[in-house]
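Dear colleague,

I am passing the structure below on to you, together with some notes on what turned up when I went through it. Please read the notes with the structure open beside them.

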Amino acid sequence: MDKFLNLLVAGTALGSIYALVALGFVVVFKSTGTINFAHGGFVLLGAYLTYNYSVTWDLPFIVAMLMAMATMAILAVILERLVLRKLVGQPAFTVIMVTLGLLILIQQVQQSIWSTEVLLDDPWGTDQWELGGVVITQVRFFTVLFAAIVVLGFFLFFRFSAWGVAMRAAAIDQEAALAQGISVARVFAISWAIAGVVAVVAGVMLGADSASVNSTLSFSALRAFPAMILGGLDSPLGAIVGGVVIGVTEVMTTGYIEPNAEWLGQGFHSVMPFVVMIAILVLKPTGLFGSRAVERV
Amino acid sequence: MNQHVHHPARTRRLVRLVAGLLALGLVAAACGDDDDDATTPATGETTAPSGDTTAATTAGPGDTTTSGDSTESTEPPPDATTTVPAPVGDPEEVDGFDGETITVGAVLDQTGPLAFVGTDLLVGAQTYWDFVNEELGGIAGKYKVEIKVADSKNEAPVAVQAYQQIKGDVVMFTNILGTPVTKAMAEFLVEDNILAIPGSLAGEWVRNPNFLPYSAPYEIEMINGVEFWQTNLEGAGQTACTFAQNDSYGESGLTGLEFAAEKYGFEFAADTTYNSGDTDFTAQVTELADAGCEVVFSVSTPREQTGLMTGARSLGFEPVFIGTLPSFLSLLAGGDNGAAFANFYLVGDGGEFGDPEIPGMKNFLDRVEKYGDGAAPSTFLLTGYTATLAAHAALEKAVALGDLSHEGLVNAVQQLGEVDFEGLAGNYTYGPPDERVPPIESAIFRFDPAKTDRNLLALQEVVESPFAKEYVFAG
Amino acid sequence: MSLLEVREISLSFGGVRAISDVTFDVEAGELFAVIGPNGAGKTSIFNCLNGVYEPRGSIKLEGLELTGLPPSKIASLGIARTFQNLALFSNLDVISNLMLGRHHLMKTGFIAGALWVGRAKREEIVHRRRCEEIVELLELTPYRRQPIGTLPYGIQKRIELGRALAMDPKVLLLDEPVAGMNLEETEGMARYILDIRDELGVAMVLVEHDMHFVMDLADRLLVLEFGQVIAVGTPEQIANDPNVIRAYLGEAS
Amino acid sequence: MATDDTALRLLPTRFSRVSIGLVVAVGVLVPFVVSGDFWMTVLVSAGIFAMGAVGLNVLTGFTGQVSLGHAFFLGCGAYTAAYLGAARGWPLPLWLLAAGVIGGVIGGIVGPFALRLKGNYLVVVTLGLVFIGIHIFENWDRVTGGTNGTSTSQAELSLGFTDFRSFSIPGKDFSELQGLYYLVWILAGLFVLVSANIVRSRPGRALQAVRDRDVAAEVVGISLPRYKIGAFVISSSMAAMAGAMLGVQQQFVGPTSWNIFLSIQYVAIIIVGGVGMVSGAVLGALFLGPLPEIVEKYSDKLPFLYEVKGEGGIVSIAAFNEMLFGALLIVFLLFEPRGLAALWLRAKARFRTARSTP
């Protein structure tokens, strides 16, 4: 039972990271209808910027993170304005490939500026608490906490702020939103900025979880896709639930399936989320919480 | 092995590359080992490639530069190690040698996740050649050495293509990064009969005539690791387990572990593996914890080892970990991760990184300062540097034999006796592949957060398992 | 025996009757129009005729029962249709669009197509010739190599007509062929429809809002209201039919 | 009646016939003129890229199904070459054909997913395929050599009467690279011919109809399953054969090569070349394929590049190459989404106009 509970905690923490990454994908998809592959790069840059501000510049960690968020928000807006704005109305294919191009550029910029492997000087360390046989590390605690805060922020923003309302309107019908005097262009910019900010949190948590910040983070970020698909691409709540479900599935696969099914191969847990994702897409293409009519035949 | 010459006991040169090599850890790279054991068998003579300047400048091919103590050959070396030929004229111009400059090849990660390792290895190698070129006048005092670099991008197929592209421009390959890359290149090196220093300490290179390995192989490291656990940690009767990378590197360590288990009479309660690049080790931790493991022998690389141990700690599982040289990287054990390393031991080679008592280490630090273009001496740099010592010995021998061709170098190694790594790695006795004697002593280091950033390991013990020399490397 | 015999077909959606007991015949070479107000069930009749819906009752083409057959089968038996909203392939040129109309008449598969020589080529030549004839008939020659996405709406309508013709239909179903056209374009379309009847002798069933257009063109008309037939006859008979006058003029006044 | 049979020809104008004739002639003669290994290597790579890109174009260009899974199919082919060609010693035609069949069968299994999903969703599923593929390659040790990889250097390249590893004509001996050059470009030429034939005949028109408007396509009697899956089968079959040649060229096959980046590379090739045009796939392959090697060769002319860190310069050659690649992808999509082929058509039109108005 301890094993199960410990795995559940580990899976939830992993899932929270997936959820944070997936949220960044979702917020852009929700308003622009685009899967932004460059978000993997945002996660990577977010972690490295935080490293840069906190370790290289020796600023307090929280200040460093806030500065990284500001930097990423500005960068995301600039990219949206310079590149993505020009692609409004183009087929999904075109936009996806452009974001993949951006991802490649961002990765190389990162590698040209920073080392491929750095340690984040994070404040939570490796301290841990034990609750009746279940160990909870501070990193995991904060990961879940941050995910919760970010999601709460999302809901408050969407529900109560003028821009949140505008974004919801734009997501439902861009033309109608335009007719009501909502600047769709600004909605796009804001959604990108939000993605940039969330990416910093995701990047830091991903780096803290995997022992170091390294240049494979952008790749790890792509592992959040199954979470996003499971949750239904345009639902922040779905991203959270999807993230946790996928995280727990992955960890439970390692704990219970892999030892009993060696034929599935070493490290099957890392592809399990994709197997689940494909099954979901085939069986219920809108995901668990998705509302947008999925492009199906 | 024809005859064993017993050295007088030497002072321990624990100059283990430790830290450096661990760096390689990332890549399961190769590294040096020690040689201090008092019983290093030697077939031939000891060549000190980098030795002191004077010795090197006069170094003829086979001449015996004893390092420190007396390494004498009681008899002429057997068959292959024919008598030292009379110095011949200048070597002919061949691939990689234009009459003035000798070009050696490096196939390393210049980009990708391990670029920082590849870069440092290269700077280490370059530092050593700069020293040879500037202070010794080059190989045999006259031939400058240049490195030709190809990017392996962390992909074995890319490395093979890189190899194909530059093999005609180099006399040998001196710097390779990683067991998988080395393994992929092996077939082609053999086919082309080109010599290379393996980017891996796997025992399978020991008997391969196209390789010039150095340091104690992973198999030996793990046998000595078991010895340390049984003797120094009083591990008899405890539950032992393994954690190994799912490739040829992991296999070589496991081979040593299985050998040791049989000799010491125990069985592993759980064997776990992982794929390079994995980030979540919950499964392995759970399996190890469920099996009640008290000691885990790791044949791993630093990122994954760190992930395993932080993951284990977060599940309240904190056994003793004993890792191979590549399993540790100071960088990753720094800061907050350190807590997870409390019970970590590394089986390595040489002495503590940066210890100026070790002659090779002092030379290394001085030379990095002089030729390193501002590079900070790192463990990776040291690894690249140490490997180059072996290359230097081989090139000197080949020039002395008057043949820098690919075959000439392979042949030169067959006639190379014991090579002294100045304490950066154990002395290695080359000669015909069947007769090679790798170092069989290991240094055990313990994680020590009080150490500096570049070296978080403190020397704990030097061990040599009584079974280490019984281990037979496959031919 | 008439070419197309429709006997008492009925169709309901969730209890609501879209059409009830509709019966009519279309003779060979005849231009038969179905008119009626919005929601009268005109398009539903089309969808029954080409198999999109499966009604109760009987639809026979040359005596062969069609109800229950899939649309692609019915298309291959000789019922072609055009759509209210264009269903053309905008990145392909005129000829290719027409050739797609002949898709079901052709046999070349992936392998034969990849090899090209032999049947694929012969088949392509034969069918392309037929399409060229239609291009000429519909005076589309100037546009034949252009991707049709770039062409004006009226031309596209004509191309769609061409594609339906290319299917070599026995009966051609035209769903509002002049919807959205100006007067000039409408007249042009009328001329092409007459040409088709005169030169090719294809029977046509026409659904249209534009009363004048239909009264001028059709040999016979069927008037629908709320899914039921209120009159069938020649334009003169329809014009004088009291039910039709009530349904149309009554509403209008 | 003016039937226009010239429209049926692949090369309707004398201009196109002459240009293609010249291209083929130059292609045949290249190994007689170019002796250095560098250019031969570059051209062999470009030929393999062309093979795979022509295949991807059938799926993405003709049928409009965007796939990031191409790397997986390439990998399947490479391992087929390694296992059947090198380990089992099958003759060239057999292992190459086997690669095509295996790729086609797997494409046929994956294809049905495309029936249910479009656009973003298909991209994500095919992305998942790449991850799953690497997992299989890493774990099916018996066939793939697992994480250690496997060698293809022993793969048979002989056709009996001629061996591409070493063949000669009177007065000229060809190197292995030159043999490989002929082999891959003959195959690329065949792929071009096959896909050009498909696109001008019934199945190709149907694929394009599906791309433009799949619902309408169904109405004119086009079976969506048949053509959507068919496109997958053809595309992955060609990809697998390209992968087989790639495996042979690399001499070594490892599991992690078949990653998303490779898939992106192929999509980029058809975008830069011109999506939906057979010539575009080849142009893209000729342009993007060799670019990294050429940049590297002439890197000393570009002072901001360095090969080894510390020797000056701002960016490493490899990083620059990837940046260049990303930038080209973006620039083409933004400014010339129809790619090089469109540029070529425009240039040709200008040439014609210039000629016709002396």
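How much area do domain 1 of chain C and domain 2 of chain C bury between them? In this predicted model, the two domains bury about 1400 Å² between them, with 70% of that area on carbon and sulfur atoms. On the side of domain 1 of chain C, the residues that lose the most area to domain 2 of chain C are Pro169(C), Tyr192(C) and Leu200(C), which together make up 36% of what that side buries.

As for the division itself, domain 1 of chain C consists of residues 1–78 + 169–253, while domain 2 of chain C covers 93–168, and the C-alpha centres of the two lie 26 Å apart. In terms of contacts, 21 residues of domain 1 of chain C meet 14 residues of domain 2 of chain C.

Turning to the polar side of this interface, the rule finds 1 salt bridge across it, and the count of residue pairs in polar contact between the two domains, both residues being at pLDDT 80 or more, is 4. On the side of domain 1 of chain C that touches domain 2 of chain C, at least two residues are supplied by each of α2 (71–77), β7 (171–175) and α7 (183–200) of chain C, and α7(C) gives the most, with 8 residues. By residue class, that side of domain 1 of chain C is made up of 12 nonpolar, 2 polar and 7 charged residues.

With best regards

Conventions: Residues are numbered from 1 along each chain as its sequence is written. Chains are lettered from A and ligands numbered from 1 in the order in which they are written. This is a predicted model: local features need pLDDT of at least 70, side-chain atom pairs count only at pLDDT 80 or more; totals for chains, interfaces and linings use all residues. Side-chain values use heavy atoms; hydrogens and water are left out. Domain bounds come from an automatic or database domain assignment. Contact means heavy atoms within 4.5 Å. Buried area is the accessible area (1.4 Å probe) that two parts lose on being put together, summed over both. A salt bridge is a side-chain nitrogen of Lys or Arg within 4 Å of a carboxyl oxygen of Asp or Glu. A polar contact is a pair of N or O atoms within 3.5 Å; within protein, one must be able to donate a hydrogen and the other to accept it, and residues adjacent in sequence count only if both atoms are side-chain atoms. Helices (H or I, at least four residues) and strands (E, at least two) are DSSP runs, numbered from the N terminus. Ala, Val, Leu, Ile, Met, Phe, Trp, Tyr, Cys and Pro count as nonpolar, Asp, Glu, Lys and Arg as charged, and the others, Gly among them, as polar.
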